[in-house]
Amino acid sequence: MKPALALFVASLRQALPRRRTLLLGLLELAPAGIYLVSTTSRTLEFAIQGAVEVGGTIFFSLVLPVVAIVVASGMLGSERRDMTLSFIALRPIPRSAIAGAKILAAIFAAFAINAIGAVALATSHLVRFGDGQLFVGLLVGAFVATAAYAAIFVPLGFLTDRAVIIGMAYLLVFENGVAYALPGLTSLSPWRLGVSTFGALTPDAAIHTIDFIGNLEMSASQSSLTALIFVAAGVAATAILLRTRDLA
Amino acid sequence: MTTDPAFVDTPTIEVETASKWFGQKVAVSNLSCSFGPGVTGLLGPNGAGKTTLLRMIAGLTTTSNGSVRVLGDDPRRHHKVFGRVALVPDEDSVYDDMTARRFVKYAAQLANTDHSPGAVTGALDEVGMLDAADRLISGYSKGMRQRTKVAAALVTSPDVLILDEPLNGTDPVQRAHLIDLFQKLGNSGRTVIVSSHVLEEVERVSARVIAIVDGRLAAAGTVDAIRAAMYDIPYSVRIDTDRPRDLGAEMFAKGVVDSVDARDESVDVRTRDLTTLGAEVPRIASQLGARLAGFHPQDASLESVFRYLVERK
C-alpha cells in the first residue's frame, strides 16, 4: 500500500470513532424527522418545497456544517494534541501528500455521516410521496458542501484548538446571519454551494432553493468546480503549514 | 582530522551554530556539534534543550538561527531524508486505539518499507514486545509504549536513529536489553543518538557524549573526559557540627578544603575532592572531640555540574 493511501485509510478510520459517529448519525436523522412531521397534510408539490425548507434550514445550514466542522477540525488537530503528528511528519511523504490524504479523509469521513442525513431525508420523501427525485441532489449537494467545509477546517484545526468554536461562530453569525442580510457574500458560504447543487440536480426543487442561495445560483458542475477549488486551496494551505510551522 | 571533541570526522548529522527560541525563552543557543556512525549520548538535565535539539535534527522544529544538516540535507526541506531517519520521541506519540503490531505495520507502510508480517514481527521481537503485540496500546505501561515506539523506528531500518529518553519507564531488564540493542545498531554503522538526563545511563549506552545545559554545549568527548571535567569542579558542602570554627580551621590547615565559612552550628566548605573530604572529616572531628551531625553537598546535582562547565567555557 502506498504511504499516502495508508495515511488516508488510517485517518478515515480514526475520524469515525464509534461513539461520536453514533451521536452525529443520530443528529443526521433530525431533518428527516422534522420533514415527516411538517408534511403530514401536504401535496407532492408542497412536499418538495417542504423538503427544500427542511433541507435548507436544518440539514444543509446546520447539521451538515456541524458534522463537517467537527470531523475536519480534528483531522490534524487531534494528531497535534495527541502528539502523533510527529509520527506522520517524520515519514518520507511529501507534505502536500499528507495534506491531501488528510483532507480527503476528512471529506469522506464527514460525508459518510452526512450521507445518513441526506438519505434519510430523501427516503422520508420517497416513503411518503413515492417520489425518489431528491436522492441524487441531496447526496451530491451534501458531498460538495462537505468537501468545501473540510478544505477550510482541516488546516484551521491544525492551527488552533478553537477551530470548532470558530467554525460555529462563522456558521451561526456569518453564514446563517450576515450572509442572509448581504446576499453578495453568499459565495463565502460553503453550505450554499450544497443547496445550489441540490437545486441544480433536482428541477422541481430549484425554484425553492433561491431563498437560501441568493445570487449563488450555479450548475452542478460549477458548484463542484468551486468545491474543488476550495479543496485545492485547502491542500496547499495545509501543506504550507506543515512545511513552515513547528510540528512539536 | 578534527581535534574538537564536539565534532566527528565522518559526520552524518551536522549542527552549525544552531539556536532556537520560543518567544523570550532560549531553548538552544548557538550550538555546534556533529554526530557520526556509532552511539552518541546526549546528556543534560531536564529542560537543558536536548529535546529541542533532537527535534531540530529530526526536522520537526525550525532553527531560529544556524543550520542542521542530516545526511547532507536540510530535513525541513527534503522530506526524502526521513526515509533514512527515525525519531523515537519522549512523549507518547502512539495511537491508543491500535495494537503494537498494527502501529509498527503502519510505521512501515508510511515509510514505504517492508511491512510484511515477518518484518513487523521481527521489529517487535527485537524490543521484546511480541507477547503483547496484539493488545491495544491504550493498556500498555510507559515502558511498553517506549519499546513499541522503538520497534516502529526499527522496522524502517533507519541509517540515523534518534532516541529521546528511550529508557524512561523501562524496568532494569528491559533497559539492559534496549542498551544492548542500541549498541548493536551503533556497531553496525548506524548513527544512534540517545538522550538522557542520567549520566550513568548514557555511560552504559555510549562512549561518546555531548552534554548540554541551558541550550548550550557544556562538554563533549568520552564519558571519562566528562567525568574528569566534573571532578575538577569545586563542590560546596555544609557540615553540621558543634565546633564549626575549630573543625573548619583544622580542615583548611590540613589542605582538605579550599575555603571555609564557619556558621553557628555548621561550617560551609569548598573542595575539589569529595572523596578525601569524606574520609578526613570524621578523623579530624574525632581528634578535636567535635560532634558531627550532618554532611550536606550543596550543589552536587548533575545540573549544577553542567552549569559550572558552561560558565567555565
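The crossing of H3(A) and H6(A) is right-handed (left-handed would mean the near helix turned anticlockwise from the far one by less than a right angle, right-handed clockwise). This model is predicted: local features need pLDDT of at least 70, side-chain atom pairs count only at pLDDT 80 or more, and totals for chains, interfaces and linings use all residues. Residues are numbered from 1 along each chain as its sequence is written, and chains are lettered from A in the order in which they are written.

**Helix packing**

Helices (H or I, at least four residues) and strands (E, at least two) are DSSP runs, numbered from the N terminus. Axes are lines fitted to C-alpha atoms, for helices over the stretch in contact, and angles run from 0 to 180 degrees between N-to-C directions. Two pairs are set out here.

| Helix pair | Angle | Axis distance |
|---|---|---|
| H3(A), residues 44-81, and H6(A), residues 134-159 | about 35° | 7 Å |
| H2(B) and H3(B), residues 117-126 | roughly 115° | within 9 Å |

The H3(A)–H6(A) contact holds 19 nonpolar, seven polar and one charged residue. Here Ala, Val, Leu, Ile, Met, Phe, Trp, Tyr, Cys and Pro count as nonpolar, Asp, Glu, Lys and Arg as charged, and the others, Gly among them, as polar.

H2(B) and H3(B) also cross in the right-handed sense. H2(B) brings Ala100(B), Arg101(B), Val104(B), Lys105(B) and Ala108(B), and H3(B) brings Ala119(B), Val120(B), Ala123(B) and Leu124(B). Seven of the residues in this contact are nonpolar, none polar and two charged.

**Cores**

A nonpolar core is a set of buried Ala, Val, Leu, Ile, Met, Phe, Trp, Tyr and Cys residues joined through C-beta atoms within 7 Å. A residue is buried if 20 or more other C-beta atoms lie within 10 Å of its own, exposed if 12 or fewer, and partly exposed in between, with C-beta atoms placed from the backbone. The largest core has 158 residues. Those with the most contacts inside it include Ala72(A), Ala110(A), Ala150(A) and Val104(B). Helix H5 (residues 95-129) of chain A gives the largest share of this core, 18 residues. Ala110(A) touches Val67(A), Ala68(A), Val71(A), Ala72(A), Thr146(A) and Ala150(A), leaving out residues up to four places away in sequence. Another core, of 13 residues, lies apart from the largest one, with Met251(B) and Leu277(B) among its members.

**Chain interface**

Two residues are in contact if their C-beta atoms, placed from the backbone, lie within 7 Å. Chain A and chain B each put 20 residues into their contact. On the chain B side, H1 (50-58) and H2 (100-110) each supply at least two residues. H2(B) gives the largest share, three residues. That side has nine nonpolar, seven polar and four charged residues.

**Sheets of chain B**

Strands pair if DSSP finds at least two bridges between them. Six strands form an open, mixed sheet in the order E5-E6-E7-E3-E8-E9. E5 (85-88) and E9 (216-222) are the edge strands. The twist averages 15° from one strand to the next. E3(B) and E8(B) pair in the parallel sense over four bridges. Leu42(B) stands opposite Ile210(B). H1(B) lies across E3, E5, E6, E7 and E8, at about 155° to E6(B).

E12(B) runs antiparallel to E10(B), with six bridges, and antiparallel to E11(B), with four. Ser266(B) is the bridge partner of Asp240(B), and Asp268(B) that of Asp261(B). A hairpin of three residues joins E11(B) to E12(B). In a regular strand the side chains alternate between the two faces of the sheet. On E12(B), Val267(B), Val269(B) and Thr271(B) form the covered face, and Ser266(B), Asp268(B) and Arg270(B) the uncovered one.
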